[in-house]
Amino acid sequence: MLKLVWLVPALPLLGVAVNGIFGRVTRERAHWLGVGTTGLSFLIALAIFCQAAGGARLDWDVYTWMSAGDFRATVGFLVDPLSAVMMLVVTFVGLLIHVYSVGYMHGDPGYARFFTYLNLFMSSMLVLVLANNYLLMFLGWEGVGLCSYLLIGFWYQKPAAADAGKKAFVVNRIGDAGFLLGLFLIWRTFESLHYGQVFSQVETYRLVLERPSVLGLSLVTWIALLLFVGATGKSAQLPLYVWLPDAMEGPTPVSALIHAATMVTAGVYMVARSAAFFNLAPVAMGTVAWVGAITAVFAATIALVQTDIKRVVAYSTISQLGYMFLGCGVGAYASAVFHLATHAFFKALLFLGSGSVIHALSGEQDIRKMGQLKARLPITSRTFYWASLANAGIIPLAGFWSKDEILAGAFAGHHYVLWALGSAGAFMTAFYMFRLYYTVFEGKDNVDPHTAHHIHESPPAMAYPLMALGAGTLLVGALFGFPPDHGLYHRFVGPVFAAAGTEPHAIGLGTTVGLAAVATLIAALGIWGLARSWYKTGDSPAPARAAERFRGLYRLLLNKYWVDEYYNALFIDFGKRLCHRLWGVDARGVDGAVNGTGWLTVALSALSARVDFHGVDGLVNAIADLIQDGSQAVKRIQTGLIQNYLLAMAMGVFVIVSLYVFF
Amino acid sequence: MIPLSHYLIVAAALFSLGMFGALTRRNAIAILMSVELMLNAANLSFVALARHLPQTLLQGQVFAVFVIAIAAAEAAVALAIVLGLFRNFRTVNVDEINLMKW
C-alpha cells in the first residue's frame, strides 16, 4: 500500500499529458481530469499519511535514473512524518485550489492550459517533497520553478505579467545556483545524494565536516549556507524576495497555491530536511535565523502601507516565510514546518478570499476602491476574517499555535533580540491584516458605482473551497498543535528532527503560557487597539495624520524601500551596460573580423575577375581578333570571279616554270 | 622538212592565244573554246616532239589522242555546268557570276 506513493505525483502528470496534448479537445472539460487526478492523489496521500501516522516508513529506490562512474542517481520516494505532512498539505490545499480554479478561471481562453500547468505544478511539488535524494528534490525544485514562471506569465499578453514571470525565473536561478553548488559539495563529501546515506554518515564525517575550510568556515557551514541560498530564492527571503510581490500578476489561484501555500515553502522544507547539516553549523543557523527575522519585519513594514489587496497578502507571505526560517534558525524545525502547514491554510484562504473579492469587483485590486463588502460577500468576508485572525496569531486559530511556538523557540534558545523582532513583526502583522480587512469589508463604501451593481458572492466552486479552508484555519492549529510542543503534530514529526541531532528547548509551562499570553496580547493590541480605531469606520483622520507626520518613512515604505530600483541600478543596469559593451566588441571585433574576411574575399575575387577578364579572356580574344583582322585583310582576293583565279594560276605556273628554267 | 622549232612556235602562239582568250573573254562558252585552243596547242607540241625524237613508241601521239578524248569529256561536263549557270542566272557572262566571293 505504501508503495502506491508513486501514484501521488504520477496522477497529476497524467492530467498534464492529457490536457497538455488534447487541450483543444478537452477545453471546458479540462477540469474533469485536472481536478480528478488531484483528488485521487489526495485520497492516496491521505491513506499513506494514515499509515505513516501508524508508524509505517518507506525509503524506496524505484529505479536508477542515471549513473556515470561512481555517480548514481535514483528515482526514489521517502515517506516519513516530514514528507507525509508536506504531501498531505500540498495535495489538500492543491485540491481545494483546483476546485476554486474551476470557478475562477471559468471562460478563460487558456482554461485547459491553466489546468495543465497547475497539474504539472502539483506533480513537481510532490516529487520535491517525496524524493528520497537531493537530486530528485532538485528536479521537483526546478519543476515548480518552471510552473511558477509559466503561471505568473499565464496572461502573457499582459506585459507586466510576462515581465513578472521572467523576473521570478531569473531571481530563482540565482538561488538555484547556490542550491546546486551545495549539492556538489554534498556529493564531494559523501559521494551520495541519498538522504539516508548522507545523514547516516554525518556523524562519521563529523571531524571533516567541522574542520575550517575556505574563509575559515567549516565545510558543513558552506553546505548549509549554499543550500540556504537556494532556499532564499525559492522562499522569497532577503535579498532574493523581489520576485514574489510581482508574481501577483498571475491568476489569483496561482498566487494562492504556488506563491503562498506550497512552492514558496519548499525552501523551508529543504532547510528542515537538511537539519542534520544545519545543526552542525552554528554560523549557518544564525544566518538563517537573522535573515528570517529581518525578512519578517522588513516585509511586514512594507505590507503596512500597500494598497493592492494581493500585494498586502504577498508581503505578508514573505513575512510569514521569514518566521518559518526564524524557526529553523533557532532549531525549532518542527514548529517551522507546523507554521508552514497552518500558513498554507490561512494564506491560501486569504488569497482565495482576495480572488473572490477581485472577482466580485470585476478585477478591481485597489483597496481604496473597496469597502462595505461584508454584507454583499458574506462567505468571503467571514472566511477572510478568520484567516486574518489566524495570520495575526489570535488564539485558538491556526496561526497562533505555530507562530507562538516559533517565538517561544527563539526565546527558549536565548535569542531575545530575535524574539523581540518576531514580536514586533507580529504586532505589524496584526495591524496590516486588519487594516486590510476593515478597509475592504467594512469602513466606507468606495466602490466604483459602475461595478457596484455587479457585485455578487462567488459561485459554489469558489465558495466551498473557501469554507473548507476556513474550517482548516479554525481547527488545524488547535487540533494538532495543542498543547504547544507536545501536540499530536509534534509527537508525529518531532522524532525526525531529533534523529537529525536537534536539541529540544527545555521551556517551562509557566514561560510557555506567559509567552503565549504576550503574543496574543500583542496581536490583540494590533487589531483592536490600533487597526480597529483607525480603519473600522473608514473616516478616521488618524492614518492620514500618521502618514503626514512620518512622511519620509511613509514614502520609504510605500516605495518598498526602493529595493527594486536599487537592484535595477546595481545589477540590471550594470548587466545591461556590460552586455552593451560586449555587444560592441561583438559588433566591431567579431563581426568586423567576419566582415573583413568577407570584404577581403570580395576584393580578391574582383582582382581575380579582372585578371580573368583582361588576361585570360583577353588572350583568347586577341588570338581570335588577330585571325579575324588577318582574314579581313586577305579575304579580298576571294573575288568570286573565275578568271581572277585562272590568272593567278597561270601566273603561278609561270613563276614555277621560270624558277625551274632559270635556276 | 619543217624544223621542230616552227611547230613549237606555232604551239606556243596557239597556247598564248588560248590563254589570252580564257583570261579575257566574258562569255563562258568562249572561255571553253579558248581552253580547247590551249589543249590543242599542247597536242601539237606532243605530236611534233614525238615525231622529232628518235625511237619513240608513239607515246606522243597516244597522249594526243588521250587529250582529245578527255577534252571531249571535259567539254561535255563544262557545257553542262554552263547550262546550269544559265538556268540559275539567265546569263553566261562569268564577270556577272561572283557569288562565291568573300
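Colleague: Leaving aside its neighbours within four places in sequence, with which residues is A:Val268 in contact?

Modeller: This is a predicted model, in which local features need pLDDT of at least 70, side-chain atom pairs count only at pLDDT 80 or more, and totals for chains, interfaces and linings use all residues. Residues are numbered from 1 along each chain as its sequence is written, while chains are lettered from A and ligands numbered from 1 in the order in which they are written. Two residues are in contact if their C-beta atoms, placed from the backbone, lie within 7 Å. Beyond the excluded neighbours, the partners of A:Val268 are A:Ser235, A:Leu321, A:Met324, A:Phe325, A:Cys328, A:Ala336, A:Val337 and A:Leu340.

Colleague: Which residues of the largest nonpolar core touch the most other members?

Modeller: A nonpolar core is a set of buried Ala, Val, Leu, Ile, Met, Phe, Trp, Tyr and Cys residues joined through C-beta atoms within 7 Å. A residue is buried if 20 or more other C-beta atoms lie within 10 Å of its own, exposed if 12 or fewer, and partly exposed in between, with C-beta atoms placed from the backbone. The largest such core has 219 residues, and those touching the most other members are A:Met87, A:Val93, A:Val268, A:Val337 and A:Ala348.

Colleague: How are α10(A) and α13(A) oriented relative to each other?

Modeller: Helices (H or I, at least four residues) and strands (E, at least two) are DSSP runs, numbered from the N terminus. Axes are lines fitted to C-alpha atoms, for helices over the stretch in contact, and angles run from 0 to 180 degrees between N-to-C directions; under 35 degrees counts as roughly parallel, over 145 as roughly antiparallel, 65 to 115 as roughly perpendicular and the rest as oblique. Helix α10 (residues 219-234) and helix α13 (residues 266-273) of chain A pack at about 160°, with their axes 7 Å apart. The two helices α10(A) and α13(A) are therefore roughly antiparallel.

Colleague: How do the residues in the contact of α17(A) with α22(A) divide by class?

Modeller: Helix α17 (residues 333-360) and helix α22 (residues 460-481) of chain A pack at about 155° with their axes 9 Å apart, which means that α17(A) is roughly antiparallel to α22(A). Among the residues of α17(A) that meet α22(A) are A:Phe345 and A:Ala348, and α22(A) brings residues including A:Leu469 and A:Gly470. Ala, Val, Leu, Ile, Met, Phe, Trp, Tyr, Cys and Pro count as nonpolar, Asp, Glu, Lys and Arg as charged, and the others, Gly among them, as polar. The contact of α17(A) with α22(A) accordingly has eleven nonpolar, eight polar and no charged residues.

Colleague: Is A:Val447 buried or exposed?

Modeller: A:Val447 lies in the loop between α20 (416-441) and α21 (449-452) of chain A. Its C-alpha atom is separated by 4.8 Å from that of A:Met370, 77 residues apart along the chain. Since A:Val447 has 20 other C-beta atoms within 10 Å, A:Val447 is buried.
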